[in-house]
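Please look over the sequence and the model shown here before reading on.

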Amino acid sequence: NNVWNQRMVGPLRDLWLWHAVEENEHKAVFFDAYHAAGGGYTRRIVWMVLGCSIFAGLMTYGTARLLIADKKFLSKKHLQSISQIAHPKTGLFNIIVLKEFFDYIRPSFHPFDYDTKQLEQRWQKELSLKVQ
């Protein structure tokens, strides 16, 4: 989400952008290998739902533990952060991101349906990486 990328600064931003470049460079490798090995639509969706559910649960649990330990759970600043993340237009999980996420459920979906080459090249330039 570009809005959130702009809010990050310093080494965290660089690490996040580097990871985004790396993920974009090989975004279809596993997808294509999965299909070549006989993987089907139903299994893909079941694993996606299961994986996302487990990931969301672990991230929520871990964040709550850290906030409770710091005595900041449900503080005013914490509630503002939740509000920003959940905002339908500018939040981390905004309408555009959710539409793209749910597009994955389409049986004919392929990662190359989204052309991210320009975005990848912009991030490479911002990080002073060799642009291919």
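In what order do the elements of the protein chain run from the N terminus on? They run α-α-α-α-α-α-α, and the protein chain accordingly has seven helices and zero strands, where helices (H or I, at least four residues) and strands (E, at least two) are DSSP runs numbered from the N terminus. This is a predicted model, in which local features need pLDDT of at least 70 and side-chain atom pairs count only at pLDDT 80 or more, while totals for chains, interfaces and linings use all residues. Residues are numbered from 1 along each chain as its sequence is written, and side-chain values use heavy atoms, with hydrogens and water left out.

Taken along the principal axes, the C-alpha atoms of the protein chain fill a box of roughly 50 × 40 × 25 Å. Of the contacts (heavy atoms within 4.5 Å) with a separation of 6 or more, 63% are between residues 24 or more positions apart. Accessible areas come from the Shrake-Rupley method with a 1.4 Å probe, and for residues only the protein chains shown count as cover; the accessible surface of the protein chain comes to about 10200 Å², 66% of which belongs to carbon and sulfur atoms.

Turning to the interior, buried residues make up 21% of the 132 residues in the protein chain, with buried meaning under 20% relative accessible area, exposed over 50%, and partly exposed in between (1.4 Å probe, protein chains only).

Leaving aside neighbours within four places in sequence, Val21 is in contact with Glu120, Trp123 and Gln124. Glu120 lies in helix α7 (residues 117-126) and, under the same exclusion, is in contact with Val21, Asn24 and Glu25. Glu120 counts as buried because its relative accessibility is 4%.

On the surface, Tyr41, Ile85, Leu92, Phe93, Leu98, Phe101, Phe102 and Ile105 form a nonpolar patch with about 670 Å² of accessible area together. Patches are made of residues with over 30% relative accessible area and no salt bridge, like charges being joined within 9 Å and nonpolar side chains (Val, Leu, Ile, Met, Phe, Trp, Tyr) within 5 Å; a salt bridge is a side-chain nitrogen of Lys or Arg within 4 Å of a carboxyl oxygen of Asp or Glu. Helix α6 (residues 95-103) gives the largest share of the nonpolar patch, three residues. Ile85, placed in helix α5 (residues 76-86), is partly exposed, with a relative accessible area of 31%.
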